[in-house]
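Subject: Structure for you to look at

Hello,

Here is the structure I promised you. Please open it and keep it beside this email while you read.

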Amino acid sequence: MPKRTRAGALFAVAVTGLALGATLAAPADAAPQTAPKFLSAAELPPHPSSAWKAGKVTDGVPDELLSCLRETMPGYDSRYRSFTTELETNAQQLTIVVGSTAKAKALADRLNKDMRDCATRIEQADPEIDATYKNYGTLPVEEGARVHGLHTEASWGATDIHLLSVGRDGRTVTVVQWGQMGDFDNAPVKAFKKTTTTAVNKLY
């Protein structure tokens, strides 16, 4: 497996039987609005030795997020952008536009719950993986954002660290994920919080 993809692989396959959900139509009561904007490669936490590269904005949900969000995402119209470096690091930004601010708040609340429960679900799905969750608190940006940490360690020695956040601006919710080999000591929490703030502010 290419180096730059292995860090996300453990996270993506920790819950077995996943299938990339089809993108469905937007809710009928959704009013037209400008499409939300995405992060650029330069707005991610800096990598010490390899520049980030941004992929194209694509319909659907990235595989790297399905492990935690698979029960919530079906039925939502979503788009994402993936980012990579030449080393064992990856990132994704997902955006979902719903029909009202009340629906967006409910979706953000559920996604945050998914993040909190993800470590437990990963361990239940695969007894050879230990997963640990950490809550990094909220950010005062637009309608708010929350930052989560997730560390996974496999019985064969693979260990990955992930930072995830859920933020909201009006009726749009965005999820940002960053991951690489390592543990909580290797997580650029301050820089990731800055990236999350930028992501939410940049939506509109």
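Gly 60 counts as buried, because its relative accessibility is 4%. Buried means under 20% relative accessible area, exposed means over 50%, and partly exposed lies in between (1.4 Å probe, protein chains only). Gly 60 is found in the loop between β2 and α2. Its C-alpha atom is separated by 9.7 Å from that of Ile 96, 36 residues away along the chain.

A word on the source. This is a predicted model, in which local features need pLDDT of at least 70, side-chain atom pairs count only at pLDDT 80 or more, and totals for chains, interfaces and linings use all residues. Residues are numbered from 1 along each chain as its sequence is written, and side-chain values use heavy atoms, with hydrogens and water left out.

Which backbone oxygen does the side chain of Ser 78 reach? That of Gly 60, at 2.8 Å. This is a polar contact: a pair of N or O atoms within 3.5 Å, where within protein one must be able to donate a hydrogen and the other to accept it, and residues adjacent in sequence count only if both atoms are side-chain atoms. Ser 78 sits in strand β3. It counts as buried because its relative accessibility is 1%.

Now the overall plan. The chain has four helices and eight strands. Helices (H or I, at least four residues) and strands (E, at least two) are DSSP runs, numbered from the N terminus. From that end, the order is α-β-β-α-β-β-α-β-β-β-β-α. Of the 204 residues, 49% are buried.

Next, the strands around β3. Two strands pair if DSSP finds at least two bridges between them. Strand β1 (residues 53-54) runs antiparallel to β3 (residues 78-84), joined by two bridges. Here Ala 54 stands opposite Phe 83. Strand β2 (residues 58-59) is also antiparallel to β3, again with two bridges. Asp 59 faces Arg 79 in that pairing. β3 and β4 pair antiparallel over seven bridges. They form a hairpin, with four residues between them. Arg 79 stands opposite Thr 95 in β4.

Then the inside. A nonpolar core is a set of buried Ala, Val, Leu, Ile, Met, Phe, Trp, Tyr and Cys residues joined through side-chain atoms within 4.5 Å. In soluble globular proteins, nonpolar side chains tend to be buried together. The largest core here has 27 residues. Among those with the most contacts inside it are Leu 94, Ile 96, Leu 111 and Val 173. Elements giving two or more residues include α2 (63-69), β4 (89-97) and α3 (101-125). Which element gives the most? α3, with eight residues. A second, separate core has 21 residues, including Ala 91, Tyr 136, Ala 187 and Val 189.

Leaving out residues up to four places away in sequence, it touches Leu 94, Ile 96 and Leu 111, among others. Contact means heavy atoms within 4.5 Å. Of the chain's contacts between residues at least 6 apart in sequence, 66% join residues at least 24 apart.

One last item. Lys 134 lies over the face of Phe 184, at 4.5 Å from the ring centre. The rule asks for NZ of Lys or CZ of Arg within 6 Å of the ring centre and within 35 degrees of the ring normal.

Best wishes
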